[in-house]
Amino acid sequence: MSSWKLILPCTRAEAEAIDADDEALFGIEPMPVLLTSERIEDDPDHWQLEAFFESKPNSAALDAVRALAPSAKGVKAVAEKVRDADWVTLSQAGIEPVHAGRFYVHTATNKGRVPAGATAFRIDAGLAFGTGTHETTSGCLLALDRLKREGKRFENVLDLGTGTGLLAFAALHLWPRAYATASDIDARAVAVTAENAELNGVRLGGGQGALALAAAAGVEHPLLIGRAPYDLVIANILAGPLVELAPSVGAVLAEGGTLILAGLLAGQAETVAQAYRRQGLRLVHRADRGDWPTLTLAKRVRYGTERVTRLSRGKGEAPGFGSW
């Protein structure tokens, strides 16, 4: 199959602002696969945007993609034909496998040699994010690895804004008897997570050791509310949404529970941490990978009449309040 590729310069800020739900992209059928990367390491002004099309894009499609990178306004948008190639494989050709803690993350094209003792996950991102290559996702994998090494045990896990399902898969590997839930605001990301679950032998469902999926904005979804409280929540999104979600995320996190936050820049860490301190959480660990910190917080335990308790449940039932 012939594919077409468009490459445009952009900035890191533009790359981070790209949203697959941008209305300008809805008119392109099928939608292109978008990939952003650094052209010069640690230089926020020298990034690039690559768009992969299944067929030759028309001028409207090219203009829609170029609108995602305003700094490339003066660059002529010309798509080049790539013969006899899989367009998804091409979009991931520049991605290197990642070894983070006990995890090794690769795509269909770059597995290479899995390090001894590592758990390998194949993650084919497609239109979703979270392949493990970005510092935020790698930071979350390392945070999960550290919690396991510290002897932490979790029974009920939520991966909020899952992207590709990777972090939920990693948590289930570490705590295989846990109940696990993964959600994303983008229904396509949920579909990608289901596909990746099959690739990696992760069982879908609502029981122990299985992963339940939901397309949801934040935690306002019957499945997510019904399965609360969670003793581990992972949220690798962006600083703005993390701050906005602080009250609701704090509400579904069990007392004494652990929260992993990522997707924020170093200069945003204090603002995000402060938003969660207001919800009764304290920062217990911070790890920076370049400009990207990963925060681990713990929710304080309350005593007395204000303490929230979990309703009793039958054998084999997922933990939860049932209704709030």
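In what order do the four strands form an open sheet? The order is β2-β3-β1-β4, and the pairing is antiparallel. This is a predicted model: local features need pLDDT of at least 70, side-chain atom pairs count only at pLDDT 80 or more, and totals for chains, interfaces and linings use all residues. Residues are numbered from 1 along each chain as its sequence is written, and side-chain values use heavy atoms, with hydrogens and water left out.

**Confidence**

- The chain averages a pLDDT of 84. This score is the predictor's confidence in each residue, from 0 to 100.
- A score of at least 70 is reached by 84% of the residues.
- Among the elements of the chain, strand β8 (residues 156–160) has the highest mean pLDDT, 98. Helix α3 (residues 87–91) has the lowest, 47.
- Helices (H or I, at least four residues) and strands (E, at least two) are DSSP runs, numbered from the N terminus.
- Over residues 127–133, pLDDT stays under 50. The model has 29 contacts for them beyond four places in sequence. A contact means heavy atoms within 4.5 Å.
- Residues 305–316 also have a pLDDT below 50. This stretch has 17 contacts in the model beyond near neighbours in sequence.
- Where pLDDT is low, the predicted coordinates should not be read in detail.

**The open sheet**

- Strands of a sheet pair through backbone hydrogen bonds, either parallel or antiparallel. Here, two strands pair if DSSP finds at least two bridges between them.
- β2 (33–38) and β4 (80–82) stand at its edges. Each has a single partner strand, so one side of each is left without a neighbour in the sheet.
- From one strand to the next, the twist averages 30 degrees. Axes are lines fitted to C-alpha atoms, for helices over the stretch in contact, and angles run from 0 to 180 degrees between N-to-C directions.
- β2 and strand β3 (residues 47–53) run antiparallel and are joined by six bridges.
- Leu 34 has Ala 51 in β3 as its bridge partner.

**Salt bridges**

- Side chains of opposite charge can pair when their charged atoms come close. The structure holds 10 salt bridges. Each is a side-chain nitrogen of Lys or Arg within 4 Å of a carboxyl oxygen of Asp or Glu.
- Arg 102 pairs with Asp 145, and their closest N and O atoms are 2.4 Å apart. This pair links distant parts of the chain, 43 residues apart. Arg 102 lies in the loop between β5 (98–100) and β6 (103–106), and Asp 145 in helix α4 (residues 135–149).
- Asp 145 is buried at 7% relative accessibility. Arg 102 is partly exposed at 25%. Buried means under 20% relative accessible area, exposed over 50%, and partly exposed in between (1.4 Å probe, protein chains only).
- Arg 146 forms a salt bridge with Glu 150, with the closest N and O atoms 3.1 Å apart. Arg 146 is buried at 12%, whereas Glu 150 is partly exposed at 43%.
- Asp 288 and Arg 286 meet in a salt bridge of 2.8 Å, N to O. Asp 288 is partly exposed at 40%, and Arg 286 is partly exposed at 39%.

**Cysteines**

- The count of disulfides is zero. A disulfide is a pair of cysteine sulfur atoms within 2.5 Å.
- Cys 10 is buried at 2% relative accessibility. Cys 140 is buried too, with a relative accessible area of 0%.
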